[in-house]
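Hello,

Here is the structure I promised to pass on to you.

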Amino acid sequence: YIYWGVGAGVALVAVVGTIVLIHNRRKVKVDLSKFDSPDQPGSGKCMDKEFIKMLKQVQRKTRLPIFNWINSGARSDYWNSKVGGVHSSAHKIPVCKAADIKTPTKAIRDKIVKAATEIGFKRIGIGSTFVHLDNDDSKPQYVAWGYPLGSKPPINPFA
């Protein structure tokens, strides 16, 4: 009976430990200041919750530090203009449904694009050193573009 009791105790600890791990994995805390417009501290708080949820899925799927590689998130009108963003950018406050993610290599860039497409991103800009992702459903869907804006993307996940 002692062995049965010890075995049951070990099994119970394993099950509870697994549940805690799964629960904690889902609750990845995101530092929204990484999305701040450089001229407006705290502006990253406007980031769309569904967009952040999708980025978490990209991070989980790729096992890459997506949130540490954010180049641009929320943008004020001034900052959007300064960086050459389009007037109707999904980055702009209060929309806040876009981010540019650094990609150290083409292989990483392609991995992010593939994962983003599988997760449901339908708007992807692809540069040589970054990927733009947005989930602004007021804009055309299932589109990919390259940079400079208007050029053919190096890869097209929707073709």
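Pro94 sits in the loop between α3 and β2; helices (H or I, at least four residues) and strands (E, at least two) are DSSP runs, numbered from the N terminus. Before going further, please note that this is a predicted model, in which local features need pLDDT of at least 70 and side-chain atom pairs count only at pLDDT 80 or more, while totals for chains, interfaces and linings use all residues. Residues are numbered from 1 along each chain as its sequence is written, and side-chain values use heavy atoms, with hydrogens and water left out.

On the phi side, Cys96, in the loop between α3 and β2, has a positive value of about 55 degrees. Arg63, in the loop between α2 and β1, has a phi near 60 degrees. Are these two residues buried or exposed? Cys96 is buried, with a relative accessible area of 0%, whereas Arg63 counts as exposed at 74%. (Buried means under 20% relative accessible area, exposed over 50%, partly exposed in between, with a 1.4 Å probe and protein chains only.)

**Overall layout and core**

The protein has four helices and five strands, in the order α-α-β-α-β-α-β-β-β from the N terminus. Of its 159 residues, 35% count as buried.

The largest nonpolar core has 27 residues; such a core is a set of buried Ala, Val, Leu, Ile, Met, Phe, Trp, Tyr and Cys residues joined through side-chain atoms within 4.5 Å. Those with the most contacts inside it are Phe35, Phe51, Leu55, Ile112, Phe121 and Leu133. At least two core residues come from each of α2 (49-62), β2 (98-102), α4 (106-119), β3 (123-126) and β4. Leaving out residues up to four places away in sequence, Phe51 touches partners including Phe35, Phe121 and Leu133, where contact means heavy atoms within 4.5 Å.

The largest pocket holds about 430 Å³ of space. (On a 1 Å grid over the protein atoms alone, a pocket is an open set of points where a 1.4 Å probe fits, with protein on both sides within 12 Å along at least five of seven lines; lining residues have an atom within 4 Å of a point.) Of the 22 lining residues, Arg75, Gly85, Val86, Tyr147 and Leu149 are closest to the centre. Two or more lining residues come from each of β1 (70-72), α3 (77-82) and β4 (130-134), and β4 gives the most, with three.

Asn80 belongs to helix α3 and is buried, with a relative accessible area of 2%. Which side chain does the side chain of Asn80 make a polar contact with? The partner is Arg75, at 2.9 Å. (A polar contact is a pair of N or O atoms within 3.5 Å; within protein, one must be able to donate a hydrogen and the other to accept it, and residues adjacent in sequence count only if both atoms are side-chain atoms.) Setting aside neighbours within four places in sequence, Asn80 is in contact with Arg75, Gly85, Val86, Ser89 and Lys92.

Best wishes

Notes:
Points joined across faces, edges and corners; volume = space filled by probe spheres on them.
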